[in-house]
Amino acid sequence: MKFSFSNEQEEFRSGVRRALEARSPTTEVRKQMATETGFDREGWKKLNQELGLTAIHIPEAYDGAGFGYGELSIVLEEMGRNLLCAPFFSTAVLGTAAILNAGTEEQKKALLPAIAAGETTATLAFSEDSGLNDAASVAMTATKSGATWRLEGTKSFVLDGHTADLIVVLARRPGSTGDEGLSFFTVEGSAQGLDRKLLKTMDETRKLARLTFNSVEARLLGTEGAAAAPFARTMQQVIVCLANEMVGGAERLREDALEYVKMRMQFGRSIASFQTTKNKAADMLVDVEMAKSAAYYAAAALDEGDDDLPAVASLAKATAAEAYLQTAIHAVQMHGGIGFTWDNDTHLWFKRAKSSEILFGDANYHRELMMRNWKH
Amino acid sequence: MDTHMTEQTEDSVRSEVRAWLKDNWDPSLGLVEWRLKLCDSGWGAPHWPKEWYGRGLPVKFNAIVDEEFARIGAVGVAKAGIRTLAAATILAHGTDLHKEKFLKRILTGEDTWCQLFSEPGSGSDMAGAVTRADRQGNKWVINGQKVWTTSAHKAQWGLLLARANWDVAKHKGLAYFILDMKQPGVQVHPLRQMNYHASFNQVFFTDAIVEPEMLVAEVGDGWTVATTTLMHERQGADGLRTWAQATDKKGRIYEDERAEIASTMEPYKWYPQRAGRVDLVVQRAKETGKIDDPVIRQEIARLLCMSKSSEWTARRARAAQNMGRPQGPEGSLGKLASSHVARQAARVHTYITGSDALLSGKDSPMEGVIAEILVSVPATSIAGGTDEIQRNIISERVLKMPKEPSVDTNKPFKDVPRNIVSS
């Protein structure tokens with residue numbers, strides 16, 4: 001297993017970091033999160049095309065750059081650090097992973113080049129009103145009607161679901177249960193009968209939508225009734241990516257809180273000289289570095305096709321969830337009163353930590369999943 | 001081109017050591033006899049200087065050499081215990097006389113060493129040592145008490161930190177000596193622990209004598225020299241935790257090695273338990289049926305998350321080191337992380353074991369191993385630098401946070417308030 005980034009990867013990271021710092025300071029994050037779309041379509045398109053972000057891990061056969069999860073995770077870590085408001089996770093991770101895992105060769109050739117080129121945004125709709133993350137909870141039905149399919153039901157907690165050009169949907173054959181009868185479909189964001197409602201989110205930098213499908217025309221993606229395995233694979237990739245995004249945010253919070261306590265004077269001395277503050281800062285470093293190790297390991301496990309991936313992916317997500325939230329709690333505390341104000345930026349990451357903790361299954365859920373998949 | 005200038009590669013080192021072992025390895029030799037050959041060839045400590053039993057190779061090649069030894073079952077030099085710290089300190093600060101007298105017998109394992117640093121009144125605050133070193137005529141005379149001294153009852157030599165000057169600041173008045181343990185002025189008593197073992201000793205000095213040439217560096221340099229020893233202790237901590245495995249191979253040398261391991265490792269036999277025995281958890285949960293308890297599953301998973309993340313963090317640190325990169329923060333966290341892992345492991349073992357965890361020794365599961373875990377884990381967050389000290393080190397050295405205002409380093413040590421220790 002690979003335990004370090006190459007010099008090229010480190011250079012790539014610096015380049016992405018510089019670009020994000022220039023294009024997405026927190027003033028810009030605050031501006032975008034207050035909008036309905038949640039991002040600036042033209043600005044994102046330009047940044048994405050300049051850096052080739054959505055192309056990174058799409059194979060060259062589909063006009064991508066052909067890099068691995070190692071590189072994708074670097075981008076995500078930097079975006080988590082920067083809180084970039086853009087439909088990157090929904091497009092490059094959720095939508096792309098589902099298409100790569102489930103699509104036929106022909107479908108991949110048809111769908112992926114536009115994503116790689118930054119022309120199309122995408123997402124994956126699987127959760128419903130229950131908010132559960134497993135395939136068995138899917139109730140939405142797909143019925144064949146001639147050459148096409150009709151979708152009926154509701155999807156919720158769909159990341160960027162209100163703006164995505166292309167929506168991959170998980171639905172089931174009427175009457176089927178559990179992992180049986182599940183299929184992926186693709187739907188245009190503008191499809192007839194599709195009602196998209198933006199939900200008000202606690203973490204305003206992450207836009208979620210509730211989608212109501214009223215006999216919406218859809219195309220089958222991959223094989224009918226065989227989506228359970230590619231969906232499970234997709235979710236493993238998704239949580240590894242999210243874990244990497246999370247550790248970027250956690251590290252940023254940790255660094256900012258450290259910088260603040262070094263500057264803040266009370267009782268005639270820097271509050272960073274009090275042991276109680278130093279202990280907290282040391283514990284935060286341990287939490288964040290451990291979570292980084294797990295997230296990096298899981299990304300390497302994806303690239304190297306490791307058999308332990310299902311357990312390792314859940315391990316990385318559970319570890320990142322606890323570390324990010326704990327870091328956020330400490331970061332607010334270290335800032336004191338100002339850390340609870342709207343004008344201070346800490347709450348932006350606190351809320352991202354909270355939303356990331358829950359999204360795609362919380363730490364308890366993933367610890368249980370990890371135990372089920374533990375082989376040793 | 002001068003062959004000494006030729007850049008060594010992994011392959012060249014591997015083929016060189018392989019060829020040498022092919023010509024020289026002989027399991028019918030005695031342990032010391034064989035190790036003397038290792039000293040002469042430099043393959044016993046390849047990273048040591050050529051003039052002192054090494055080959056002057058970069059330390060990264062040690063792994064290759066170890067692999068080649070392991071491949072054919074060849075025995076290496078004596079590595080366990082304090083002797084390696086003594087060697088590292090002598091190589092860095094010792095005189096040629098020290099190197100001549102001690103290094104070879106360290107490698108052969110003929111001499112055992114102990115470290116005389118901690119005192120009843122100075123644990124974490126090691127520079128607050130009050131053991132006295134007074135110059136009387138041509139000798140140093142030592143009086144005082146040390147504690148937590150592994151192998152003191154067997155050691156020929158001790159690495160001693162003592163105060164030689166009370167009129168200067170705390171860190172400036174220390175001296176570092178090599179002390180002959182086998183003399184009437186040195187008394188060793190075992191120190192019984194809460195887990196029944198007595199791995200450590202208390203050492204009492206009553207007019208113990210140190211010859212003047214056994215001072216390492218100068219009076220006043222004691223703290224600097226001790227820092228070298230401690231640095232190697234932290235770096236080698238992983239190595240010490242690796243359990244020396246005796247083999248059941250036939251041959252005189254293996255018999256000698258088995259005897260050495262049994263004796264040297266005796267004080268460390270509870271160390272795996274102190275680290276929490278994460279390796280036993282899943283199997284024990286299955287055997288007891290507790291693997292089906294959803295609450296215990298959560299606790300086991302928490303433990304595995306911590307233990308794996310900690311292992312991978314150590315691997316990251318090593319990978320960065322192998323690439324020649326400056327050490328990142330990930331290299332300083334292992335000690336603290338291992339405390340968290342050990343504590344969680346003890347919790348989990350308790351949940352899994354239930355009422356049987358009330359018992360000890362032969363009446364308890366695994367012939368007392370589980371009970372030993374529960375009462376040994378508290379040592380992990382104390383020994384070798386407490387969690388509190390680790391946090392100070394991390395915050396001050398890695399995070400560059402300011403120190404607490406000092407009340408003890410800016411005045412003569414004799415004026416610093418300190419513990420009253422009865423002896």
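In this predicted model, the axes of helix 10 (residues 281–288) and helix 11 (residues 294–322) of chain B come within 11 Å and cross at roughly 165°. Axes are lines fitted to C-alpha atoms over the stretch in contact, with angles from 0 to 180 degrees between N-to-C directions, and helices are DSSP runs (H or I, at least four residues) numbered from the N terminus. Helix 10 of chain B is therefore roughly antiparallel to helix 11 of chain B (an angle over 145 degrees). The contact, defined by C-beta atoms, placed from the backbone, within 7 Å, joins B:Val281, B:Val282 and B:Ala285 of helix 10 to B:Ile296, B:Ile300 and B:Leu303 of helix 11.

Residues are numbered from 1 along each chain as its sequence is written, and chains are lettered from A in the order in which they are written. Local features need pLDDT of at least 70, side-chain atom pairs count only at pLDDT 80 or more, and totals for chains, interfaces and linings use all residues.

| Domain of chain B | Residues |
|---|---|
| Domain 1 | 10–77 |
| Domain 2 | 83–239 |
| Domain 3 | 269–385 |

The centres of domain 2 and domain 3 of chain B, taken over C-alpha atoms, are separated by 32 Å. Five residues from domain 2 and six residues from domain 3 form their contact.

Between the chains, 30 residues of chain A are in contact with 33 residues of chain B. Helix 8 of chain A gives the largest share of the chain A side, 13 residues.

Technical notes: Helix = DSSP H or I, 4+ residues; strand = E, 2+ residues; numbered from the N terminus. Parallel < 35°, antiparallel > 145°, perpendicular 65-115°, else oblique. Contact = placed C-beta atoms within 7 Å. Domains from an automatic or database assignment.
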